[in-house]
Amino acid sequence: MASLLRLPSRLLAPAAARPAALLRHRGRCLHADPAARFSAAATTTGASPAAPARAETRGGDREGQVTPQSTDFNAWYTDVIAAAELADYGPVRGTMVIRPYGYAIWEAIQDYLNVKFKETGHSNMYFPQFIPYSFIEKEASHVEGFSPELAVVTIGGGKELEEKLVVRPTSETIVNHMFTKWIQSYRDLPLMINQWANVTRWEMRTKPFIRTLEFLWQEGHTAHATLEEAEKEAMQMINVYTKFSYEHAAIPVIPGRKSKRETFAGADRTYTIEAMMGDKKALQAGTSHNLGQNFSRAFETQFMDENGQLEHVWQTSWAISTRFVGGIIMTHGDDAGLMLPPRIAPIQVVIVPIWKKGEEKGVVMEAVASVQNTLKEAGIRVKVDASELRTPGWKFNFYEMKGVPIRIELGPRDVKNRSVVISRRDVPGKQGKEFGVSMEPSTLVDHIKGRLEEIQASLLQKAIEFRDSNIVDVSSYGELKEAIAEGKWARGPWSASDADELKVKEETSGTIRCFPFEQPEGEKKCFMTGNPADEVAIFAKSY
């Protein structure tokens, strides 16, 4: 097995106007009024043409609050998605509309991964979303694993189709159909492609971003001449995901191998990155599969090797989806809303101009424009909110809700002193405020960039400490049950059977999240059977 990627230690308000009453039932958020959708519709407050003076308190001028995490984490999650304008429910049950701000976070994920995919030799392309049903049936474990989630088309153009079509749940089958056409010789290998696409899976229990009927993802597919090459590829891509999670999303995932029961339908091995959410549940944030020759044998995807022998190709597939956006929300968010790591934040700095008198507006806005241009030229994503329909206090809380890492406040007194006030989203209250930061371009840019890096590192460190404080090492089944009952992750030696693994799931609702790549040394005994064990496994409740 390839070695695990080692990450450097350095890596290591009034809220927005809220919708009308929300009815919550079993974790789902239902609207009492069709007009009061998941969106946060702005309501105009009485405001003079000149924006009022700076509100010194963090919470003054609030129009509504999200449900506290400690009261109801699921309600908090859906409240934040609404108030931060990330997504809205679609007209079909289980679907969602990703709003511009939510999509911008997804674009930040795309921007990073696209570069990494191309650096590692992959090319983007696109496959149809309609797949003949007979393709799905060719790989036995694949059809068994996906049948309950399939959306099937039987009528097209007003006529019954000769063959049913499946709306893409994943693309291994159609990819292999095309690979069989394109691969003839060892000279055609490796073949390494990626597509950005939508996927449909008929989920019974849905949750915005985390589990929806349709979602967005990237799915990579590769074909190789040898098992060793395929294994190296599968490990390389899970390492790409791990590095992205740590360095950009500030999520300290645990990479590892899935158990046989949790392995992707049709794969020999599945590698995963597991993230701990704010409620201590696990989120499978990305996967990479060594497919072996399962699909190539089903589809007769063969090549002539250098010795003139006909061989089946060895394959991989790997993916990250928009559920990662949900992971970012639930890892870093607090009762004030989102808290976005600067490297993936659509807006890194928001500038809120403040004035009391109409004649002060001109000088303030001139200084604001200068600061904005300075930061923009330095490559910092900056937004100015000069709207006069909202108070500064409302804006402070609104951009806290949207998780903007840094806020700059600039009023007449600041202009006179050639300085600004800076507030950090990750440090609440006065402790997070800095007064008198110079407007001089090089000084301001260095200061802002330094603070953004500090916030990025701070969010990662906080998440690491939270994760590590909620993982319990266990040496007996009783200790595992106790840890899971407390909502924590349990880590212990495991060599028991699939039946024992199912027993754990049925009795605790916890599953094996992974066998971590990083394993403790020394002899180990399975906590379930007492037999020798080569590895420890991590168990947890999950999304």
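Helices (H or I, at least four residues) and strands (E, at least two) are DSSP runs, numbered from the N terminus. The model is predicted, so local features need pLDDT of at least 70 and side-chain atom pairs count only at pLDDT 80 or more, while totals for chains, interfaces and linings use all residues. Residues are numbered from 1 along each chain as its sequence is written, and side-chain values use heavy atoms, with hydrogens and water left out.

**Figure 1. Overview of the protein chain.** The secondary structure of the protein chain comes to 14 helices and 25 strands. Of its 543 residues, 55% are buried; buried means under 20% relative accessible area, exposed over 50%, and partly exposed in between (1.4 Å probe, protein chains only). The accessible surface comes to about 23500 Å², and carbon and sulfur atoms hold 50% of that surface. Accessible areas come from the Shrake-Rupley method with a 1.4 Å probe; for residues, only the protein chains shown count as cover.

**Figure 2. The loop between α14 and β24, and helix α14.** Ser509 is found in the loop between α14 and β24. Ser509 follows α14 and has a positive phi of about 70°, although it is not a glycine. Within α14 (residues 498-508), the residues Glu501, Val504 and Thr508 are buried. They lie on the same side of α14 because they cover an arc of only 60° around the axis; the arc is that of the directions from the helix axis to the C-beta atoms. Ala499 and Glu506, on the other side of α14, are exposed. The cover over the buried residues of α14 includes α13 (477-485), β24 (511-516) and β25 (536-540). Contact means heavy atoms within 4.5 Å.

**Figure 3. An open sheet of five strands.** The strands run in the order β18-β17-β19-β20-β21, with mixed pairing. Two strands pair if DSSP finds at least two bridges between them. At the edges are β18 (382-384) and β21 (433-438), each of which pairs on one side only. From one strand to the next the twist averages 25°. Axes are lines fitted to C-alpha atoms, for helices over the stretch in contact, and angles run from 0 to 180 degrees between N-to-C directions. Strands β17 (residues 349-353) and β19 (residues 406-410) pair in the parallel sense over five bridges. Val349 has Ile406 as its bridge partner in β19.

**Figure 4. Two helices on the five-stranded sheet.** Helix α10 (residues 392-401) packs on the sheet and touches β17, β18 and β19, its direction making about 170° with that of β17. Helix α12 (residues 441-469) also packs on the sheet, touching β17, β19, β20 (419-424) and β21; here the direction makes about 5° with that of β20. Ser442 lies in helix α12 and is partly exposed, with a relative accessible area of 41%. The C-alpha atoms of Ser442 and Leu375 are separated by 9.6 Å, although these residues are 67 residues apart along the chain.

**Figure 5. Nonpolar cores.** A nonpolar core is a set of buried Ala, Val, Leu, Ile, Met, Phe, Trp, Tyr and Cys residues joined through side-chain atoms within 4.5 Å. The largest has 87 residues, and those with the most contacts inside it are Leu113, Phe324, Ile329, Leu375, Ile408 and Ile448. Leaving aside neighbours within four places in sequence, Leu375 is in contact with Val349, Ile380, Val382, Ile408, Leu444, Val445 and Ile448. Another core, of 24 residues, lies apart from the largest one and has Ile131, Tyr133, Ile174 and Phe295 among its members. In soluble globular proteins, nonpolar side chains tend to be buried together.

**Figure 6. Strand β9 and its pairing partners.** Strand β9 (residues 191-200) is mostly covered, with ten of its ten residues buried. Leu191, Ile193, Gln195, Ala197 and Val199 point one way from β9, and Met192, Asn194, Trp196, Asn198 and Thr200 point the other way. With strand β5 (residues 123-124), β9 pairs in the parallel sense over two bridges, and Ser123 has Ile193 as its bridge partner in β9. With strand β10 (residues 214-224), β9 pairs in the antiparallel sense over ten bridges, and Gly220 in β10 is the bridge partner of Asn194.

**Figure 7. Backbone details in two loops.** Pro190 is placed in the loop between α5 (172-182) and β9. The peptide bond from Leu189 to Pro190 is cis, with omega near -5°. Ala250 is in the loop between α6 (227-247) and β11 (254-257). Ala250 has a positive phi of about 55° although it is not a glycine, and at 0% relative accessibility it counts as buried.
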